[in-house]
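Q: I would like to learn how to read a model like this one, feature by feature. Where do we begin?

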Amino acid sequence: MNLPLRILCLCLGWLMVGFAIAGVFLPLLPTTPFLLLAAGLFARASPRLERWLVEHPVFGHSLRLWREKGAIAVRAKFTAVALIVASFGLFCLFSAPDAMLAAIVAAVMALPVAFILTRPSN
């Protein structure tokens, strides 16, 4: 890989790690997808950084679980679905949408819930 592309992958990888860390504290920002992107970018630019991420004591388990089995931990599934449902509840409570808008938002939010629930568990 040429140097400018490698630097770009490294910068984007670190940006994804930053988003993932922010996602730990912000309930609507996912963590694992950003970590998966970071691991993929690091794999292209720096096997050492990829290994660090995959073996990380906090983040590594979910990455390994996804890579090996395409699975999501039960606790992570529960947390994700609960936060999506809570977000929809807060949306309805604070914005008082009409029935059509509420149905559209519910349908959009149901897509990631369906994806999460159909993944294998560990």
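A: Begin with burial. A residue counts as buried when its relative accessible area is under 20%, and as exposed when it is over 50%. Keep in mind that this is a predicted model.

Q: Is Glu 50 buried or exposed?
A: Glu 50 has 18% relative accessibility, so it counts as buried. This residue is found in helix 3, which covers residues 47-54.

Q: Which residues does Glu 50 touch, leaving out those up to four places away in sequence?
A: Its partners are Ala 39, Phe 42, Ala 43 and Arg 67.

Q: Let us step back. How many helices and strands does the chain have?
A: There are six helices and zero strands. Read from the N terminus on, the order is α-α-α-α-α-α. The C-alpha trace spans about 55 × 30 × 20 Å along its principal axes. Of the 122 residues in the chain, 28% are buried.

Q: What share of the contacts with a separation of 6 or more joins residues 24 or more positions apart?
A: The share is 58%.

Q: How do I describe a pair of packed helices?
A: Two values do it: the angle between the axes and the distance between the axes. Take helix 1 (residues 3-25) and helix 2 (residues 32-45). Their axes come within 8 Å and cross at roughly 160°.

Q: What does that angle say about the directions of helix 1 and helix 2?
A: Angles over 145 degrees count as roughly antiparallel. Helix 1 and helix 2 are therefore roughly antiparallel to each other. Their crossing is left-handed.

Q: Which residues form the contact of helix 1 with helix 2?
A: From helix 1 come Arg 6, Cys 9, Leu 10, Leu 12, Gly 13, Trp 14, Met 16, Val 17, Phe 19 and Ala 20. They meet Phe 34, Leu 35, Leu 37, Ala 38, Leu 41, Phe 42, Arg 44 and Ala 45 of helix 2. By class, the residues of this contact are 15 nonpolar, one polar and two charged.

Q: Can we zoom in on one residue of that contact?
A: Take Phe 34, in helix 2. Its relative accessibility is 17%, so Phe 34 counts as buried. Beyond four places away in sequence, Phe 34 touches Met 16, Phe 19, Ala 20 and Leu 29. Trp 66 is 32 residues from Phe 34 along the chain, and their C-alpha atoms are separated by 13 Å.

Q: How do helix 2 and helix 3 cross?
A: Apply the two values again. The axes of helix 2 and helix 3 come within 6 Å and cross at roughly 150°. That makes helix 2 roughly antiparallel to helix 3. The crossing is left-handed.

Q: Which residues of helix 4 are buried?
A: First, the general idea. An α-helix has 3.6 residues a turn, so residues three or four places apart point the same way. In helix 4 (residues 60-69), the buried residues are Gly 60, Leu 63 and Leu 65. The buried residues of helix 4 pack against helix 2 and helix 3.

Q: Where does a residue other than glycine take a positive phi?
A: Look at Ala 96, where phi is near 45°. Ala 96 lies in the loop between helix 5 (74-95) and helix 6 (99-118). Its relative accessible area is 62%, so Ala 96 is exposed.

Q: Which residues does UniProt list as "transmembrane region"?
A: The unreviewed UniProt entry lists residues 7-28, 74-94 and 100-118. Compare such a record with the model. Residues 74-94 are 100% helix, with end C-alpha atoms 30 Å apart. Residues 100-118 are 100% helix, with end C-alpha atoms 27 Å apart.

Key
Residues are numbered from 1 along each chain as its sequence is written. This is a predicted model: local features need pLDDT of at least 70, side-chain atom pairs count only at pLDDT 80 or more; totals for chains, interfaces and linings use all residues. Side-chain values use heavy atoms; hydrogens and water are left out. Axes are lines fitted to C-alpha atoms, for helices over the stretch in contact, and angles run from 0 to 180 degrees between N-to-C directions. Helices (H or I, at least four residues) and strands (E, at least two) are DSSP runs, numbered from the N terminus. Angles under 35 degrees count as roughly parallel, over 145 as roughly antiparallel, 65 to 115 as roughly perpendicular and the rest as oblique. A crossing is left-handed if the near helix is turned anticlockwise from the far one by less than a right angle, and right-handed if clockwise. Contact means heavy atoms within 4.5 Å. Ala, Val, Leu, Ile, Met, Phe, Trp, Tyr, Cys and Pro count as nonpolar, Asp, Glu, Lys and Arg as charged, and the others, Gly among them, as polar. UniProt positions are given in the numbering used here, feature names are shortened, and annotations may be inferred rather than shown by experiment. Buried means under 20% relative accessible area, exposed over 50%, partly exposed in between (1.4 Å probe, protein chains only).
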